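User: I would like to go through this model with you. Could you take my questions one at a time?

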Amino acid sequence: MIDFGQRAQLCSSDPGFSRGQQAWSEGILDCIGRTPLVRLSRYLDESSPELLVKLESANPGGSAKDRPAALMLADALQRGVIDGQTTVVESSSGNMGIGLAQACRYHGLRFLCVVDPHAQSQNVAIIRALGGEVITVNEPVDGSYLSARIARVQQLLDETHNSFWPNQYANRCNPTAHELTTIREIDDAIGGEFDYLFVATSSTGTAQGCRDYLRKRGRRTKVVAVDAHGSVLFGGLPGERLVPGLGAGRVPELAEGQEFDQILRVSDLDCVVGCRRAAAREAVLVGGSAGGVLEAVRSLQHELKTSRVVAILHDSGTRYLDTVFNDEWVASSLGVSPEVLATRVNESALLPVSQDVG
Ligand SMILES: Cc1ncc(COP(=O)(O)O)c(C=O)c1O
(Lines give C-alpha, C1' and ligand atoms only; values in the text may rest on other atoms or scores of the structure.)
Protein backbone atom coordinates (compact mmCIF):
# COMPACT_ATOMS: atom_id res chain seq x y z
CA MET A 1 0.00 0.00 0.00
CA ILE A 2 1.42 3.39 -0.94
CA ASP A 3 1.69 5.87 1.87
CA PHE A 4 -0.58 8.84 2.47
CA GLY A 5 1.76 11.38 0.85
CA GLN A 6 2.14 9.30 -2.28
CA ARG A 7 -1.58 8.78 -2.42
CA ALA A 8 -2.28 12.49 -2.19
CA GLN A 9 0.08 12.94 -5.12
CA LEU A 10 -1.62 10.14 -7.00
CA CYS A 11 -4.97 11.75 -6.37
CA SER A 12 -3.96 15.21 -7.49
CA SER A 13 -4.53 14.15 -11.07
CA ASP A 14 -7.09 11.51 -10.18
CA PRO A 15 -10.50 11.39 -8.55
CA GLY A 16 -11.96 14.44 -6.93
CA PHE A 17 -9.21 16.97 -7.29
CA SER A 18 -8.86 20.35 -8.83
CA ARG A 19 -8.40 20.69 -12.53
CA GLY A 20 -6.73 24.04 -11.96
CA GLN A 21 -7.65 26.60 -14.59
CA GLN A 22 -8.32 24.03 -17.29
CA ALA A 23 -11.92 24.19 -18.54
CA TRP A 24 -12.19 20.50 -19.42
CA SER A 25 -11.50 17.19 -17.74
CA GLU A 26 -8.84 14.69 -18.73
CA GLY A 27 -11.09 11.72 -19.37
CA ILE A 28 -14.11 10.50 -17.43
CA LEU A 29 -12.26 9.57 -14.21
CA ASP A 30 -11.14 13.17 -13.88
CA CYS A 31 -14.83 14.13 -13.57
CA ILE A 32 -15.22 12.20 -10.30
CA GLY A 33 -15.82 14.40 -7.28
CA ARG A 34 -16.53 18.11 -6.89
CA THR A 35 -20.19 17.13 -6.49
CA PRO A 36 -22.75 19.82 -5.57
CA LEU A 37 -23.39 20.82 -1.97
CA VAL A 38 -27.01 21.96 -1.84
CA ARG A 39 -29.02 23.64 0.93
CA LEU A 40 -32.42 22.01 1.40
CA SER A 41 -34.71 24.50 3.10
CA ARG A 42 -38.03 22.67 2.68
CA TYR A 43 -37.34 19.06 3.65
CA LEU A 44 -37.48 19.62 7.42
CA ASP A 45 -40.51 21.09 9.15
CA GLU A 46 -38.43 23.49 11.17
CA SER A 47 -36.57 26.43 9.73
CA SER A 48 -33.55 25.14 11.63
CA PRO A 49 -31.30 23.16 11.59
CA GLU A 50 -29.73 24.24 8.37
CA LEU A 51 -29.48 21.19 6.12
CA LEU A 52 -26.82 20.90 3.41
CA VAL A 53 -26.62 17.79 1.25
CA LYS A 54 -23.76 16.47 -0.83
CA LEU A 55 -25.29 15.10 -4.03
CA GLU A 56 -23.06 12.18 -4.93
CA SER A 57 -25.33 11.24 -7.82
CA ALA A 58 -23.44 13.93 -9.76
CA ASN A 59 -20.42 11.64 -10.08
CA PRO A 60 -20.14 10.30 -13.65
CA GLY A 61 -21.05 6.74 -12.60
CA GLY A 62 -23.94 8.12 -10.55
CA SER A 63 -22.79 7.47 -6.98
CA ALA A 64 -20.25 8.10 -4.22
CA LYS A 65 -18.70 4.72 -5.08
CA ASP A 66 -16.95 6.20 -8.11
CA ARG A 67 -14.42 7.67 -5.70
CA PRO A 68 -13.14 4.48 -4.00
CA ALA A 69 -13.51 2.51 -7.24
CA ALA A 70 -11.17 4.85 -9.12
CA LEU A 71 -8.71 5.08 -6.22
CA MET A 72 -8.51 1.32 -5.58
CA LEU A 73 -7.54 0.74 -9.23
CA ALA A 74 -5.20 3.74 -9.44
CA ASP A 75 -3.46 2.52 -6.27
CA ALA A 76 -3.10 -1.07 -7.56
CA LEU A 77 -1.81 0.16 -10.95
CA GLN A 78 0.69 2.46 -9.30
CA ARG A 79 1.98 -0.27 -7.00
CA GLY A 80 2.29 -2.70 -9.94
CA VAL A 81 -0.18 -5.11 -8.33
CA ILE A 82 -2.16 -5.09 -11.59
CA ASP A 83 -1.27 -4.52 -15.23
CA GLY A 84 -3.12 -4.17 -18.53
CA GLN A 85 -3.83 -7.94 -18.65
CA THR A 86 -5.41 -8.18 -15.18
CA THR A 87 -8.99 -9.34 -14.64
CA VAL A 88 -10.65 -7.36 -11.84
CA VAL A 89 -13.22 -9.27 -9.75
CA GLU A 90 -15.52 -7.61 -7.21
CA SER A 91 -18.70 -8.22 -5.25
CA SER A 92 -21.14 -5.36 -5.48
CA SER A 93 -24.80 -4.61 -4.95
CA GLY A 94 -24.61 -2.15 -7.80
CA ASN A 95 -22.92 1.18 -7.26
CA MET A 96 -19.40 -0.12 -6.64
CA GLY A 97 -19.92 -2.39 -9.63
CA ILE A 98 -20.72 0.62 -11.81
CA GLY A 99 -17.79 2.62 -10.45
CA LEU A 100 -15.40 -0.28 -11.10
CA ALA A 101 -16.90 -1.06 -14.53
CA GLN A 102 -16.30 2.58 -15.46
CA ALA A 103 -12.72 2.64 -14.11
CA CYS A 104 -11.86 -0.80 -15.56
CA ARG A 105 -13.15 0.14 -18.99
CA TYR A 106 -11.21 3.39 -18.85
CA HIS A 107 -8.01 1.50 -18.00
CA GLY A 108 -8.79 -1.30 -20.50
CA LEU A 109 -9.18 -4.02 -17.84
CA ARG A 110 -11.52 -7.01 -17.90
CA PHE A 111 -14.10 -6.81 -15.09
CA LEU A 112 -16.15 -9.59 -13.48
CA CYS A 113 -18.89 -8.27 -11.19
CA VAL A 114 -20.67 -10.56 -8.71
CA VAL A 115 -24.17 -9.36 -7.77
CA ASP A 116 -27.15 -10.78 -5.89
CA PRO A 117 -30.89 -10.68 -6.60
CA HIS A 118 -31.26 -7.38 -4.68
CA ALA A 119 -29.15 -5.52 -7.25
CA GLN A 120 -31.29 -3.11 -9.24
CA SER A 121 -31.69 -4.34 -12.82
CA GLN A 122 -30.80 -0.91 -14.18
CA ASN A 123 -27.45 -1.00 -12.35
CA VAL A 124 -26.70 -4.41 -13.79
CA ALA A 125 -27.54 -3.13 -17.28
CA ILE A 126 -25.17 -0.19 -16.78
CA ILE A 127 -22.35 -2.50 -15.65
CA ARG A 128 -22.89 -4.59 -18.78
CA ALA A 129 -23.06 -1.48 -21.00
CA LEU A 130 -19.66 -0.48 -19.60
CA GLY A 131 -18.26 -3.87 -20.59
CA GLY A 132 -18.47 -5.62 -17.19
CA GLU A 133 -19.36 -9.31 -17.06
CA VAL A 134 -22.09 -9.89 -14.47
CA ILE A 135 -22.31 -13.08 -12.37
CA THR A 136 -25.41 -13.45 -10.15
CA VAL A 137 -25.50 -15.55 -6.97
CA ASN A 138 -29.04 -16.73 -6.26
CA GLU A 139 -28.67 -18.44 -2.88
CA PRO A 140 -27.57 -16.75 0.35
CA VAL A 141 -24.78 -18.41 2.38
CA ASP A 142 -25.50 -18.53 6.14
CA GLY A 143 -28.49 -16.28 5.43
CA SER A 144 -26.36 -13.58 3.81
CA TYR A 145 -26.06 -12.61 0.17
CA LEU A 146 -22.86 -10.74 0.97
CA SER A 147 -21.23 -14.01 2.14
CA ALA A 148 -22.50 -15.76 -0.99
CA ARG A 149 -21.06 -13.07 -3.24
CA ILE A 150 -17.70 -13.17 -1.51
CA ALA A 151 -17.51 -16.97 -1.83
CA ARG A 152 -18.10 -16.61 -5.59
CA VAL A 153 -15.46 -13.89 -5.84
CA GLN A 154 -12.96 -16.26 -4.20
CA GLN A 155 -13.86 -18.99 -6.65
CA LEU A 156 -13.40 -16.66 -9.65
CA LEU A 157 -10.04 -15.47 -8.32
CA ASP A 158 -8.88 -19.08 -7.97
CA GLU A 159 -9.99 -19.89 -11.52
CA THR A 160 -8.66 -16.77 -13.26
CA HIS A 161 -4.98 -16.18 -14.01
CA ASN A 162 -3.71 -12.64 -13.16
CA SER A 163 -6.86 -11.63 -11.32
CA PHE A 164 -7.31 -8.92 -8.68
CA TRP A 165 -9.94 -8.34 -6.03
CA PRO A 166 -10.09 -4.66 -4.99
CA ASN A 167 -12.17 -5.85 -2.00
CA GLN A 168 -14.02 -2.72 -1.06
CA TYR A 169 -14.88 -4.33 2.29
CA ALA A 170 -11.25 -4.44 3.43
CA ASN A 171 -9.33 -2.05 1.16
CA ARG A 172 -8.08 1.06 3.00
CA CYS A 173 -8.32 3.00 -0.28
CA ASN A 174 -12.09 2.89 0.27
CA PRO A 175 -12.14 5.20 3.33
CA THR A 176 -9.07 7.06 2.07
CA ALA A 177 -10.87 8.10 -1.12
CA HIS A 178 -13.51 9.81 1.03
CA GLU A 179 -10.94 11.26 3.41
CA LEU A 180 -9.04 12.78 0.50
CA THR A 181 -11.99 13.97 -1.54
CA THR A 182 -15.61 13.80 -0.27
CA ILE A 183 -15.17 15.35 3.17
CA ARG A 184 -12.42 17.63 2.01
CA GLU A 185 -14.75 19.10 -0.61
CA ILE A 186 -17.42 19.66 2.05
CA ASP A 187 -14.94 21.18 4.46
CA ASP A 188 -13.43 23.46 1.82
CA ALA A 189 -16.90 24.60 0.73
CA ILE A 190 -18.16 25.56 4.19
CA GLY A 191 -14.94 26.28 6.02
CA GLY A 192 -15.19 23.66 8.75
CA GLU A 193 -18.33 25.18 10.20
CA PHE A 194 -20.74 22.31 10.67
CA ASP A 195 -22.05 20.45 13.69
CA TYR A 196 -23.29 17.12 12.35
CA LEU A 197 -22.46 14.87 9.43
CA PHE A 198 -25.00 12.14 8.55
CA VAL A 199 -23.68 9.26 6.45
CA ALA A 200 -25.28 6.01 5.28
CA THR A 201 -23.18 2.93 6.08
CA SER A 202 -22.49 -0.42 4.48
CA SER A 203 -18.75 -1.05 4.09
CA THR A 204 -18.48 2.05 6.38
CA GLY A 205 -15.82 3.44 4.01
CA THR A 206 -17.58 6.76 3.48
CA ALA A 207 -18.29 7.36 7.17
CA GLN A 208 -14.78 6.31 8.26
CA GLY A 209 -12.99 8.49 5.74
CA CYS A 210 -15.06 11.51 6.70
CA ARG A 211 -14.68 10.88 10.44
CA ASP A 212 -10.91 10.39 10.17
CA TYR A 213 -10.48 13.66 8.27
CA LEU A 214 -12.50 15.56 10.87
CA ARG A 215 -10.76 13.94 13.87
CA LYS A 216 -7.27 14.59 12.46
CA ARG A 217 -8.16 18.26 12.32
CA GLY A 218 -9.62 18.29 15.82
CA ARG A 219 -13.12 19.11 14.63
CA ARG A 220 -16.04 18.56 16.96
CA THR A 221 -18.45 17.74 14.15
CA LYS A 222 -20.53 14.73 15.26
CA VAL A 223 -20.49 11.93 12.71
CA VAL A 224 -23.81 10.07 12.68
CA ALA A 225 -23.70 6.66 10.98
CA VAL A 226 -27.05 5.72 9.48
CA ASP A 227 -27.62 1.98 9.30
CA ALA A 228 -30.60 -0.22 8.36
CA HIS A 229 -32.86 -2.25 10.60
CA GLY A 230 -31.82 -5.84 9.86
CA SER A 231 -28.16 -4.91 9.35
CA VAL A 232 -25.55 -6.56 11.60
CA LEU A 233 -23.26 -3.53 11.63
CA PHE A 234 -22.69 -1.99 15.09
CA GLY A 235 -24.15 -5.01 16.86
CA GLY A 236 -27.45 -5.00 14.96
CA LEU A 237 -29.62 -8.09 14.63
CA PRO A 238 -29.90 -9.69 11.17
CA GLY A 239 -33.15 -9.27 9.31
CA GLU A 240 -34.64 -8.66 5.90
CA ARG A 241 -33.55 -5.45 4.16
CA LEU A 242 -34.88 -4.39 0.80
CA VAL A 243 -33.07 -1.12 0.15
CA PRO A 244 -29.74 -1.85 -1.56
CA GLY A 245 -26.52 -0.17 -0.48
CA LEU A 246 -27.57 0.38 3.13
CA GLY A 247 -26.43 -1.91 5.96
CA ALA A 248 -24.68 -5.28 5.80
CA GLY A 249 -25.51 -8.96 6.28
CA ARG A 250 -22.06 -9.64 7.77
CA VAL A 251 -19.58 -7.30 9.41
CA PRO A 252 -16.98 -6.38 6.78
CA GLU A 253 -13.30 -6.26 7.81
CA LEU A 254 -13.30 -2.48 7.38
CA ALA A 255 -16.19 -2.05 9.79
CA GLU A 256 -14.78 -4.11 12.66
CA GLY A 257 -14.39 -2.04 15.82
CA GLN A 258 -15.47 1.17 14.11
CA GLU A 259 -17.11 3.76 16.32
CA PHE A 260 -19.07 6.84 15.40
CA ASP A 261 -20.58 9.52 17.58
CA GLN A 262 -24.06 8.17 17.05
CA ILE A 263 -25.71 5.27 15.23
CA LEU A 264 -29.24 5.60 13.86
CA ARG A 265 -31.20 2.78 12.26
CA VAL A 266 -33.82 3.34 9.60
CA SER A 267 -36.40 0.98 8.11
CA ASP A 268 -37.05 0.33 4.42
CA LEU A 269 -40.19 2.41 4.81
CA ASP A 270 -38.22 5.32 6.28
CA CYS A 271 -36.05 5.21 3.15
CA VAL A 272 -39.08 5.28 0.87
CA VAL A 273 -40.64 8.13 2.84
CA GLY A 274 -37.42 10.14 2.65
CA CYS A 275 -37.12 9.64 -1.09
CA ARG A 276 -40.73 10.62 -1.71
CA ARG A 277 -40.50 13.63 0.58
CA ALA A 278 -37.27 14.88 -1.07
CA ALA A 279 -38.99 14.64 -4.46
CA ALA A 280 -42.20 16.31 -3.23
CA ARG A 281 -40.66 19.14 -1.22
CA GLU A 282 -37.27 19.74 -2.84
CA ALA A 283 -37.72 18.40 -6.39
CA VAL A 284 -34.67 16.21 -5.81
CA LEU A 285 -34.68 12.52 -6.77
CA VAL A 286 -32.51 10.66 -4.29
CA GLY A 287 -31.77 6.95 -3.86
CA GLY A 288 -32.98 4.66 -1.06
CA SER A 289 -30.13 5.10 1.41
CA ALA A 290 -30.27 8.86 0.90
CA GLY A 291 -33.98 8.80 1.77
CA GLY A 292 -33.07 6.97 4.98
CA VAL A 293 -30.38 9.50 5.81
CA LEU A 294 -32.79 12.39 5.30
CA GLU A 295 -35.38 10.74 7.55
CA ALA A 296 -32.68 10.14 10.17
CA VAL A 297 -31.96 13.87 10.14
CA ARG A 298 -35.67 14.62 10.33
CA SER A 299 -36.12 12.31 13.32
CA LEU A 300 -33.65 14.46 15.26
CA GLN A 301 -34.63 17.84 13.88
CA HIS A 302 -35.80 19.23 17.22
CA GLU A 303 -32.57 18.15 18.97
CA LEU A 304 -30.48 19.57 16.14
CA LYS A 305 -32.04 23.03 16.27
CA THR A 306 -29.59 25.85 15.59
CA SER A 307 -27.13 23.33 14.17
CA ARG A 308 -25.71 23.11 10.70
CA VAL A 309 -26.14 19.57 9.40
CA VAL A 310 -24.47 18.05 6.37
CA ALA A 311 -25.80 14.81 4.87
CA ILE A 312 -24.07 12.75 2.22
CA LEU A 313 -26.59 11.39 -0.29
CA HIS A 314 -24.97 8.44 -2.04
CA ASP A 315 -26.96 8.09 -5.25
CA SER A 316 -29.96 9.15 -7.35
CA GLY A 317 -33.61 8.10 -7.30
CA THR A 318 -33.50 7.46 -11.03
CA ARG A 319 -32.08 4.03 -10.19
CA TYR A 320 -35.07 3.22 -7.93
CA LEU A 321 -38.04 4.02 -10.16
CA ASP A 322 -39.26 0.39 -10.10
CA THR A 323 -38.98 0.06 -6.34
CA VAL A 324 -38.91 3.04 -3.98
CA PHE A 325 -40.83 5.26 -6.40
CA ASN A 326 -43.28 2.56 -7.46
CA ASP A 327 -46.53 2.45 -5.39
CA GLU A 328 -47.19 -1.18 -6.31
CA TRP A 329 -43.75 -2.25 -5.14
CA VAL A 330 -44.21 -0.34 -1.86
CA ALA A 331 -47.62 -1.97 -1.32
CA SER A 332 -46.48 -5.51 -2.14
CA SER A 333 -43.03 -5.37 -0.51
CA LEU A 334 -43.69 -3.18 2.52
CA GLY A 335 -47.45 -3.62 2.90
CA VAL A 336 -48.04 0.13 2.79
CA SER A 337 -50.81 1.63 0.66
CA PRO A 338 -50.32 4.83 -1.36
CA GLU A 339 -52.67 6.66 1.06
CA VAL A 340 -50.75 5.62 4.17
CA LEU A 341 -47.47 6.42 2.43
CA ALA A 342 -48.72 9.89 1.47
CA THR A 343 -49.64 10.53 5.10
CA ARG A 344 -46.15 9.52 6.24
CA VAL A 345 -44.52 11.68 3.57
CA ASN A 346 -46.52 14.75 4.54
CA GLU A 347 -46.59 14.33 8.31
CA SER A 348 -44.67 16.71 10.48
CA ALA A 349 -44.47 14.52 13.61
CA LEU A 350 -41.19 13.01 14.74
CA LEU A 351 -40.45 9.56 13.40
CA PRO A 352 -39.48 6.54 15.47
CA VAL A 353 -35.97 6.06 14.09
CA SER A 354 -34.10 3.98 16.66
CA GLN A 355 -30.77 5.18 17.93
CA ASP A 356 -27.76 3.92 19.82
CA VAL A 357 -24.87 5.94 21.01
CA GLY A 358 -21.65 4.57 19.49
C1 LIG B 1 -26.55 3.78 -2.30
C2 LIG B 1 -25.53 3.55 -1.25
N3 LIG B 1 -25.65 4.18 -0.07
C4 LIG B 1 -24.77 4.00 0.92
C5 LIG B 1 -23.69 3.15 0.78
C6 LIG B 1 -22.75 2.95 1.95
O7 LIG B 1 -21.45 3.40 1.68
P8 LIG B 1 -20.18 2.72 2.39
O9 LIG B 1 -19.98 1.38 1.73
O10 LIG B 1 -19.06 3.65 2.11
O11 LIG B 1 -20.48 2.58 3.83
C12 LIG B 1 -23.53 2.48 -0.42
C13 LIG B 1 -22.43 1.54 -0.61
O14 LIG B 1 -22.46 0.70 -1.47
C15 LIG B 1 -24.46 2.68 -1.47
O16 LIG B 1 -24.35 2.06 -2.66
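User: Which residues does Ala 311 touch, not counting residues up to four places away in sequence?
Analyst: Ala 311 touches Leu 51, Val 53, Phe 198, Val 293, Leu 294 and Val 297. Two residues are in contact if their C-beta atoms, placed from the backbone, lie within 7 Å.

User: Before we go on, what are the ground rules?
Analyst: This is a predicted model, in which local features need pLDDT of at least 70 and side-chain atom pairs count only at pLDDT 80 or more, while totals for chains, interfaces and linings use all residues. Residues are numbered from 1 along each chain as its sequence is written.

User: Which residues touch the most other members of the largest nonpolar core?
Analyst: They are Phe 198, Val 199, Val 224, Val 226, Val 293 and Ala 311, in a core of 95 residues. A nonpolar core is a set of buried Ala, Val, Leu, Ile, Met, Phe, Trp, Tyr and Cys residues joined through C-beta atoms within 7 Å. Buried requires 20 or more other C-beta atoms within 10 Å of a residue's own, exposed 12 or fewer, and partly exposed lies in between, with C-beta atoms placed from the backbone.

User: Where does this core lie relative to the domains?
Analyst: Domain 1 (11–64 + 172–349) and domain 2 (66–164) both give residues to this core, so it lies between them. The domain bounds come from an automatic or database domain assignment.

User: Now helix α9: is it mostly covered or uncovered?
Analyst: Mostly covered, since 11 of the 12 residues of α9 are buried. Those buried residues pack against β2 (50–55), β7 (196–200), β8 (222–228), β9 (262–266), α8 (268–282) and β10 (308–313). Helices (H or I, at least four residues) and strands (E, at least two) are DSSP runs, numbered from the N terminus.

User: Changing topic, which residues are closest to the ligand?
Analyst: Ser 203, Thr 206, Gly 245, Ser 289 and His 314 are the closest of the 18 residues that surround the ligand. Near means a C-beta atom, placed from the backbone, within 6 Å of the molecule.

User: Which element gives the largest share of that shell?
Analyst: Helix α7 does, with 3 residues.

User: Is Thr 204 buried or exposed?
Analyst: Thr 204 counts as buried, with 26 C-beta neighbours inside 10 Å.

User: And Asn 167, what is its phi?
Analyst: Asn 167 has a positive phi of about 55°, and this residue is partly exposed, with 19 other C-beta atoms within 10 Å.
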